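Dear colleague,

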Amino acid sequence: MLTLIYLIAITAEAMTGALAAGRRHMDIFGVAVIAFLTALGGGTVRDIVLGRYPIGWTQHPEYVLLVVAGGLAAVLVARYMRHLNRLFLILDALGLVAFTIIGCDVALGMGYHPVIVVMAGMITGIAGGILRDVLCNRVPIVFRRELYASVSLLVAILYLGLNHLAVPHDWNVVASFAFGLALRLTALWREWQLPVFAYRHDHH
């Protein structure tokens with residue numbers, strides 16, 4: 001179950017990376033690099049932080065190929081799509097939620113404290129997107145007002161809570177995934193936002 005969600009997530013995130021790179025008029029190599037970092041960056045950062053070696057994708061060269069293929073597919077499809085921004089946000093929401101659950105699962109399996117499990121979920125969820133946005137010269141979605149990192153946080157807490165209540169693993173994954181995706185898409189649709197810290201230094 002998680003493997004399937006993982007494959008969907010890395011493909012989705014690779015596509016968001018490619019679309020972001022396309023907006024910056026990058027060449028095919030640039031698109032492939034950004035797709036790779038967006039899809040596999042979060043898991044890589046998590047594995048380094050948790051001391052989990054060898055890092056996941058190094059054992060699965062097919063993941064690397066899938067990610068690059070997903071990125072290039074997005075390049076081909078992009079020409080024919082008008083509602084790219086909407087697609088980008090939906091794919092990104094899929095990746096965010098799926099990666100958060102996977103990150104929690106990895107840390108749980110390694111016997112980490114619940115606080116670290118939540119952080120591992122969030123790192124996996126948001127680090128790839130941060131890399132993508134920084135390399136494409138945009139303010140990362142995470143740091144803007146939208147409910148984004150907070151969605152990752154709530155998904156991680158729900159996943160841990162249901163795990164603690166001994167809900168069967170697959171049910172927990174489905175419930176957490178559905179909750180996170182619904183929350184993120186509703187937040188986008190309703191334009192829910194976190195309060196913003198706006199600091200202006202006025203000279204007198």
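The notes that follow concern helix geometry, a surface patch and some backbone features.

Please bear in mind that this is a predicted model.

Helix 5 covers residues 114–135 and contains valine 115. After helix 5 comes asparagine 137, with a positive phi near 65 degrees.

Valine 115 is partly exposed, at a relative accessible area of 49%. Together with Met110, Tyr112, Ile116 and Met119, Val115 forms a nonpolar surface patch of about 410 Å² of accessible area.

An unreviewed UniProt entry lists "transmembrane region" at residues 63–80, 87–109, 115–135 and 147–165. In the model, residues 115–135 are 100% helix, with end C-alpha atoms 29 Å apart. Residues 63–80 are 89% helix, and their end C-alpha atoms lie 26 Å apart.

Most residues other than glycine have a negative phi, and most peptide bonds are trans.

- Tyrosine 53 and proline 54 are joined by a cis peptide bond, with omega about -10 degrees; proline 54 sits in the loop between helix 2 and helix 3.
- Histidine 25, in the loop between helix 1 and helix 2, has a positive phi near 55 degrees and is exposed at 73% relative accessible area.
- Glutamate 191, in the segment after helix 7, has a positive phi of about 55 degrees and counts as exposed at 62% relative accessibility.

Yours sincerely

Definitions and conventions:
Residues are numbered from 1 along each chain as its sequence is written. This is a predicted model: local features need pLDDT of at least 70, side-chain atom pairs count only at pLDDT 80 or more; totals for chains, interfaces and linings use all residues. Side-chain values use heavy atoms; hydrogens and water are left out. Patches are made of residues with over 30% relative accessible area and no salt bridge: like charges are joined within 9 Å, nonpolar side chains (Val, Leu, Ile, Met, Phe, Trp, Tyr) within 5 Å. Accessible areas come from the Shrake-Rupley method with a 1.4 Å probe; for residues, only the protein chains shown count as cover. A salt bridge is a side-chain nitrogen of Lys or Arg within 4 Å of a carboxyl oxygen of Asp or Glu. Helices (H or I, at least four residues) and strands (E, at least two) are DSSP runs, numbered from the N terminus. Buried means under 20% relative accessible area, exposed over 50%, partly exposed in between (1.4 Å probe, protein chains only). UniProt positions are given in the numbering used here, feature names are shortened, and annotations may be inferred rather than shown by experiment.
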